[in-house]
Each structure stands twice: as C-alpha cells, then as structure tokens.
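Student: Can we go through this one together? I'd like to start with the rings and then move on to helices and strands.

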Amino acid sequence: MRPRSTPCPQDGPIRRAVQRLLGRPTDAPCALVTRETMTKQLRRDGWLSAGDTSGVDDFYGIHTDDGRILVRDTAPWSVLHERIHDGGIVDDRLGRWLVEALTECVAEHLHETDGLPWAPTYEHYRELLEREILPRLGLSGVELAQVVVRSRRPDKYVARGLHADPVLGRAGFRRIWNAIRRGPGDEPDALQGLLRL
C-alpha cells in the first residue's frame, strides 16, 4: 500500500498550459509527498543507495519509474517544472543539464504568461543555455523546447546548429554532439571546454 499523499495544487491549469505550449499531453498522476516518502521512492528508483539521505533535499520532484510525478510537500512550486518534463522535455536524447535548463525556460514563460507558481532552479545551467546555445541557434528557450518535443533527434538538431557557428564549428560535429547528448553530455563541462577553444 502506498503512503497517503496530497494531489498537486493547480494541477489542472498547469497541465493545460503545458499541453497548449508544448503540444503534448501530460497525464502522469501527480502528488505532493513528505521527505520520507520521497526518500523511499528515490531509493526504489535507484537515485539513492540504502541508508543514504544526503541528497534527498536536492530533489524537489521526480518522475517515478512507474510513471508518477512526486513533488516534495515543501516545494509545490515545482509541479510546473515536473509537468514540463512530463510534457516531453526529458533526458532521453539530450544531456540532463540542457533538459533542466530548457524546462526552466518554459516554466518561467508559463509563470509570466499564465501566473502559474514557480521558483527558479538550475540557474547555472540556464545561464549557459541562454548565453551560449540559444543565440547560436537563433531561438528562444521556449522555441527550442518546442523543437525538442517534436524532433526525433533533438541532440543532432542542436549539434548541427552549434556546428554551423564559426567558433564552435572548429570543434567538429562529433565533439559538439557528445557535449550535449544524453550520457556523455549530462554535465556541461564538455561544452564549456569547447567554448574555450
């Protein structure tokens, strides 16, 4: 039996706004949970080892392996962020840092346009996205997020756009692609290294 939880606040308006903007439904069940429940789920899904609680406070929300959204009861403003992931901005084809930065761009946009609750996270990742990637692609964060949701290979789309830039183009397509794709590009260090060429 699962522990009791509270439905996510403003979930209906958040779901509709995310679907309208990204074009994909976000149907995962969403609940606010305690730190204890979050810790158990993080262990179950392999994010924390048994007995380890050191990183649990770094998680405001997660998508569980069984398809639910859990948000810490102390961070209900994170529902929007998690719904955007559920709407298609996920790290199955792009590095996690880039996905988190894009999610934050969309969340801020919906916060400003629809008045949905949100608090910024991943500021460093977002700064790198806005300073180095979006200008080279000629897109806003929302526009790139929409491309990511529709594209079969957003990693290659972004890499091709960056490769066309005269500064990054010298690095070669494969090095740029590795710097932003899932797995090798899960941290921004490789891209930052290329930017120092």
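Student: Which charged end sits over the ring of W177?
Tutor: This is a predicted model. In it, the charged end of K156 lies over the W177 ring, 5.2 Å from its centre. R181 also has its charged end over the ring of W177, at 4.2 Å from the centre.

Student: Is W177 buried or exposed?
Tutor: W177 is buried, because its relative accessible area is 11% and the cut-off for buried is under 20%.

Student: What is the arrangement of the rings of F173 and W177?
Tutor: They are stacked, because their planes are at 10° and planes under 30 degrees apart count as stacked. The ring centres are 6.5 Å apart.

Student: Where are F173 and W177 in the chain?
Tutor: Both belong to helix α9, residues 173-180. They are four residues apart there, so about one helical turn separates them. In general, an α-helix has 3.6 residues a turn, so residues three or four places apart point the same way. F173 is partly exposed, with a relative accessible area of 28%.

Student: OK, other rings. How many aromatic pairs are there?
Tutor: The count is five. One of them is W97 with Y125, an edge-to-face pair with 6.2 Å between centres and 65° between planes. That pair joins distant parts of the chain: W97 is in helix α4 and Y125 in helix α5, 28 residues apart.

Student: Are those two buried or exposed?
Tutor: W97 is buried, at 0% relative accessibility. Y125 is buried as well, with a relative accessible area of 17%.

Student: Which residues do ring pairs link into a cluster?
Tutor: W97, Y122 and Y125.

Student: Switching to helix α7. Which of its residues are buried?
Tutor: In α7, residues 154-163, the buried ones are P154, D155, V158, A159, G161 and L162. Looking down the helix axis, they fall within an arc of 160°, so they line one face of α7.

Student: And what covers the buried residues of α7?
Tutor: The cover includes α5, α6, α8 and α9.

Student: Last topic, strands. Which residues of β2 are buried on each side?
Tutor: Strand β2 is covered on both faces, with C30 and L32 buried on one side and A31 and V33 on the other.

Student: Which way does β2 pair with β1, parallel or antiparallel?
Tutor: Antiparallel, over two bridges. T6 has L32 as its bridge partner in β2.

Student: And with β4, parallel or antiparallel?
Tutor: β2 and β4 pair in the parallel sense, over four bridges. There, L32 stands opposite V71.

Conventions:
Residues are numbered from 1 along each chain as its sequence is written. This is a predicted model: local features need pLDDT of at least 70, side-chain atom pairs count only at pLDDT 80 or more; totals for chains, interfaces and linings use all residues. Side-chain values use heavy atoms; hydrogens and water are left out. Rings of Phe, Tyr and Trp (its six-membered ring) pair if their centres lie within 6.5 Å; planes under 30 degrees apart count as stacked, over 60 as edge-to-face and the rest as tilted. Buried means under 20% relative accessible area, exposed over 50%, partly exposed in between (1.4 Å probe, protein chains only). A charge sits over a ring if NZ of Lys or CZ of Arg is within 6 Å of the ring centre and within 35 degrees of the ring normal. The arc is that of the directions from the helix axis to the C-beta atoms. Contact means heavy atoms within 4.5 Å. Two strands pair if DSSP finds at least two bridges between them.
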